[in-house]
Amino acid sequence: MVKITEDEFGVTKLPSSTVPEIVKRFTFANANGVTAQVITYGAAITSIKIPDRNGIVEDIALGFDGMNGYLSANNPYFGATIGRVCNRTREGKFTLHGKEYNLAQNRPPNHLHGGNIGFDKFNWSAVVNGDRVVMTLVNDDGFEGYPGTVLTSVTYELTDSDEFKVSFTATTSKPTPINLTNHSYYNLAGHGAGYEELYNHSIALNADKYTVTDDTAVSTGEIHSVAGTPFDLRIRQNLGAALVNLPKLGFDNNYCVTQGTEQQLTFVARLVHEKTGRSMEVYSDQPGVQFYTSNFMPDPENNIYPKGKTAEPKAVNVNQPIAGKGGAQYQKHAGFALETQKYPDSVNHANFPSIIVLPGDVYRHNFVYKFGVE
């Protein structure tokens with residue numbers, strides 16, 4: 001039987017509020033020593049603790065000890081629910097039913113992860129419903145330039161089979177694009193183990209195609225086969241070796257999940273940390289997954305390989321590591337993210353899965369982390 005407890009994680013003052021709001025934290029614990037924690041700020045996953053082959057338990061989710069970290073400019077969306085539209089939208093523009101909409105170019109020249117104030121920067125309402133925690137958010141018509149008032153919910157559930165289940169739903173008052181994801185970063189050696197241990201993971205990813213991006217990391221609309229490229233992860237291989245073969249500084253690619261169909265969970269990926277045996281499988285009903293190896297985290301000495309493949313400064317201070325939980329210092333390649341979603345910039349490409357939701361429709365998105373040992 002999974003137990004859920006609730007406490008206060010901190011307070012936050014939101015742009016739409018004149019008084020501070022309490023940020024709640026919910027802790028799940030099952031009979032196998034697996035625990036997970038989520039907070040209402042950003043509907044974020046802040047901790048997942050799992051045992052290794054020797055029963056040693058480590059927290060594998062990168063994050064912060066308190067609200068100051070989550071509110072800082074150095075927070076690269078740790079654990080957050082991303083919306084109204086995740087990933088990049090070209091030049092912050094899209095046309096819907098003949099009308100052009102303009103969004104914030106918060107990652108110039110493109111729009112990223114919902115804009116300057118995305119779903120990750122709201123304090124969601126939350127209730128415990130049996131063995132689940134349900135969080136909800138109302139996003140007003142016109143907010144960040146998007147049409148329609150959108151009601152979104154995210155449901156978290158931990159099972160005694162060591163599965164952590166996440167379900168999104170959303171409805172809208174007007175036709176609008178919706179493409180949600182979760183932006184957790186993981187390192188199966190432990191959240192603070194760093195890039196050396198990330199390179200000791202193996203990965204297999206169930207995708208025979210990927211969407212091509214330009215030099216601003218936004219989709220061009222082309223879909224290419226992974227065959228014969230460094231992006232081919234269909235056969236299990238060492239992640240460190242795979243990174244060395246890339247033409248750029250790391251993985252930041254949307255993969256087209258093979259045989260992925262909506263309303264049916266499909267195997268997406270499996271990662272294993274070879275030393276500890278901790279394993280993580282991802283299942284989803286979405287057609288795409290963004291595989292990201294935290295390339296834009298700080299690399300103060302420019303000494304984290306692939307050598308010479310550096311990142312320009314983004315939302316983080318490139319001169320100092322990010323101060324994470326328990327004194328951890330997060331740098332480039334500190335963790336990986338597997339963000340299940342529809343394809344990036346789908347709103348501007350008719351050949352991509354549609355992300356337009358109409359009044360009366362229900363947007364649904366389900367994914368599962370399955371933990372184990374090898």
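A: Contact here means that heavy atoms lie within 4.5 Å. The model under discussion is predicted, and the chain averages a pLDDT of 93, with 93% of the residues scoring at least 70. Over residues 310–317, however, the pLDDT is below 50, although this stretch has 19 contacts in the model beyond near neighbours in sequence.

The account begins with Phe-164. Leaving aside neighbours within four places in sequence, Phe-164 is in contact with Phe-28, Ala-36, Val-38, Ile-45, Ile-48, Tyr-156, Glu-157, Leu-158, Phe-367, Val-368, Tyr-369 and Phe-371. The largest nonpolar core has 64 residues, and of these Phe-164 and Tyr-255 touch the most other members. A second, separate core comprises 18 residues, including Phe-78, Tyr-292, Tyr-330 and Ala-337. Phe-164 counts as buried because its relative accessibility is 1%, and buried means under 20%.

A pair of aromatic rings is described by the distance of the centres and the angle of the planes. In the model there are 23 aromatic pairs. Phe-28 and Phe-164 form one that is edge-to-face, with 5.8 Å from centre to centre and 75° between the planes. This pair links distant parts of the chain: Phe-28 belongs to strand β2 (residues 21–29) and Phe-164 to strand β14 (residues 163–172), 136 residues apart. Phe-28 is also buried, with a relative accessible area of 0%.

Phe-267 lies in strand β22 (residues 266–273) and Tyr-283 in strand β23, so the pair ties together parts that are 16 residues apart in sequence. Phe-267 is partly exposed, with a relative accessible area of 28%, and Tyr-283 is likewise partly exposed, at 26%. Elsewhere, Phe-9, Phe-64, Tyr-70, Phe-78, Tyr-185, Tyr-292, Phe-296 and Tyr-330 form one aromatic cluster.

Strand β14 belongs to an open sheet of 9 strands in the order β11-β12-β13-β14-β29-β23-β22-β17-β20, with antiparallel pairing. Its edge strands are β11 (125–129) and β20 (237–238), each of which pairs on one side only. Within this sheet, 7 bridges join strand β23 (residues 278–284) to strand β29 (residues 363–373), and the two run antiparallel. In that pairing, Ser-279 stands opposite Gly-372 in β29.

Strand β2 belongs to another open sheet, in which 5 strands follow the order β1-β2-β3-β4-β5 and the pairing is antiparallel. The edge strands here are β1 (3–12) and β5 (57–59), each pairing on one side only. Neighbouring strands of this sheet are turned by 15° against each other on average, direction ignored.

Gln-37 stands opposite Ser-47 in β4, while the bridge partner of Val-38 in β4 is Ile-45. Both Val-38 and Ile-45 are among the contacts of Phe-164. The strands β3 and β4 form a hairpin with 4 residues between them, and in the turn Gly-42 has a positive phi of about 70°. Strand β4 is mostly covered, as 6 of its 8 residues are buried.

Strand β4 also pairs with β5: 3 bridges join them, and they run antiparallel. The bridge partner of Ile-50 in β5 is Glu-58. These two strands form a hairpin with 5 residues between them, and Gly-55 in the turn has a positive phi of about 85°.

Finally, Ile-39 is found in strand β3 (residues 35–39). Ile-39 is buried, with a relative accessible area of 0%. Not counting residues up to four places away in sequence, Ile-39 touches Phe-9, Val-23, Lys-24, Arg-25, Ala-44, Thr-46, Tyr-70 and Met-135. Of these, Phe-9 and Tyr-70 are members of the aromatic cluster named above. Ile-39 and Gly-66 are 27 residues apart in sequence and 11 Å apart in space, C-alpha to C-alpha.

Definitions and conventions. Residues are numbered from 1 along each chain as its sequence is written. This is a predicted model: local features need pLDDT of at least 70, side-chain atom pairs count only at pLDDT 80 or more; totals for chains, interfaces and linings use all residues. Side-chain values use heavy atoms; hydrogens and water are left out. Two strands pair if DSSP finds at least two bridges between them. pLDDT is the predictor's confidence in each residue, from 0 to 100. Buried means under 20% relative accessible area, exposed over 50%, partly exposed in between (1.4 Å probe, protein chains only). A nonpolar core is a set of buried Ala, Val, Leu, Ile, Met, Phe, Trp, Tyr and Cys residues joined through side-chain atoms within 4.5 Å. Rings of Phe, Tyr and Trp (its six-membered ring) pair if their centres lie within 6.5 Å; planes under 30 degrees apart count as stacked, over 60 as edge-to-face and the rest as tilted. Axes are lines fitted to C-alpha atoms, for helices over the stretch in contact, and angles run from 0 to 180 degrees between N-to-C directions.
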